[in-house]
Amino acid sequence: MAVQDDPKFQQLVVAFVEECSHRGVRLDRAAAEGVLASQLSLYAGRARVSEMEVLERYFDERWPRRFAVLFVRCDGGIGRRSVEPDRSYALANACSLLTALAKAVELAVASGGHADRDECDLAIASAAACVAELGAAVRSRTTPDVVLPGSAVRFAREVLDVAAERAASGSWRCCWCSDVRHEHEQPQVVVEQLQVDLLLVR
Ligand SMILES: [Zn+2]
């Protein structure tokens, strides 16, 4: 059985969508599934156990609330956010946004070992939610343009902001290795590209 089919997985997803909605963020169910699935796979990889085991042993009914507080950063987790309008993107720009989010995930994954791990995890989970929302928006579009929900625009901005800032300061790196002979991407080039892509969500 896939972990997504586990009743506990589905209960946590429903509770997570509700917790986000209490905080004024409308989160698509597929995006919430993406967040939980990426968390499970992250911990399963680290603990070297199956995702099912992580779900059974380490995730309980407190997860949706705890994670929503982290995920929806607003007024210390108690206030409501202002509503961000949905936005329409040309397909090429939607693809640029997807690529930028993937780059942010790469940076966060490569940096989890030496930078602030919670921040890296949060960036990975937020980017996963955005990618899921973008994918759903591309698939379900009825016009040539892609309409992205405001909540996803906001998450994308937060993730890309953090990634550009951390890459610029050198705390997030392009690769987890310390091999000087390995040809790494120039951090400055990565930062400049992220800053260009950020213009899409400003
Ligand atoms: Zn390397």
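**Overall build**

Please keep in mind as you look around that this is a predicted model. The protein holds 8 helices and 2 strands. Followed along the sequence, these elements come in the order α-α-α-α-β-α-α-β-α-α. The C-alpha trace spans about 45 × 45 × 35 Å along its principal axes. How does the radius of gyration fit with a compact globule? For 202 residues, such a globule would have a value near 17 Å, and the protein has 17 Å, so the two agree.

The protein is divided into domain 1, covering 3-77, and domain 2, covering 87-201. Their C-alpha centres are 20 Å apart. Where the domains touch, 13 residues of domain 1 are in contact with 12 residues of domain 2. Which elements give two or more residues to the domain 1 side? They are α2 (29-47) and α4 (63-71). The largest share, 7 residues, comes from α2. Sorted by class, the side of domain 1 that touches domain 2 has 8 nonpolar, 3 polar and 2 charged residues.

Two packed helices are described by the angle between their axes and the distance between the axes.

| Helix pair | Axes come within | Crossing angle |
|---|---|---|
| α2 and α3 | 8 Å | roughly 100 degrees |
| α5 and α7 | 10 Å | roughly 50 degrees |
| α7 and α8 | 9 Å | roughly 155 degrees |

On the α2 side, the contact is made by Leu40, Ser41, Tyr43, Ala44 and Ala47, and on the α3 side by Glu51, Val54, Leu55 and Tyr58. By class, this contact has 7 nonpolar, 1 polar and 1 charged residues.

Next come α5 (residues 91-111) and α7. With their angle of roughly 50 degrees, α5 and α7 are therefore oblique to each other. Their crossing is left-handed. From α5, Leu97, Ala100, Leu101, Ala104 and Leu107 take part, and they meet Ala156, Val159, Leu160, Ala163 and Ala167 of α7. How do the residues of this contact divide by class? There are 10 nonpolar, no polar and no charged residues.

Finally, α7 (residues 150-169) also pairs with α8 (residues 187-198). Angles over 145 degrees count as roughly antiparallel, and the axes of α7 and α8 cross at roughly 155 degrees. These two helices are therefore roughly antiparallel to each other. Here, too, α7 passes its partner α8 in a left-handed crossing. The α7 residues involved are Leu160, Asp161, Ala163, Ala164, Ala167 and Ala168, while α8 brings Pro187, Val190, Val191, Leu194, Gln195, Asp197 and Leu198. The contact of α7 with α8 has 10 nonpolar, 1 polar and 2 charged residues.

If you have the structure open, α7 is a handy helix to follow. Leu160, Ala163 and Ala167 of α7 are among the residues that contact α5, and Leu160, Ala163 and Ala167 are also among those that meet α8.

Methods: Residues numbered from 1 in each chain as written. Predicted model: local features only at pLDDT ≥ 70, side-chain atom pairs only at ≥ 80, totals over all residues. Axes fitted to C-alpha atoms, helices over the stretch in contact; angles between N-to-C directions. Helix = DSSP H or I, 4+ residues; strand = E, 2+ residues; numbered from the N terminus. Parallel < 35°, antiparallel > 145°, perpendicular 65-115°, else oblique. Left-handed = near helix turned anticlockwise from the far one by under 90°. Contact = placed C-beta atoms within 7 Å. Nonpolar A, V, L, I, M, F, W, Y, C, P; charged D, E, K, R; others polar. Domains from an automatic or database assignment. Rg over C-alpha atoms; globule rule 2.2 N^0.38 Å.
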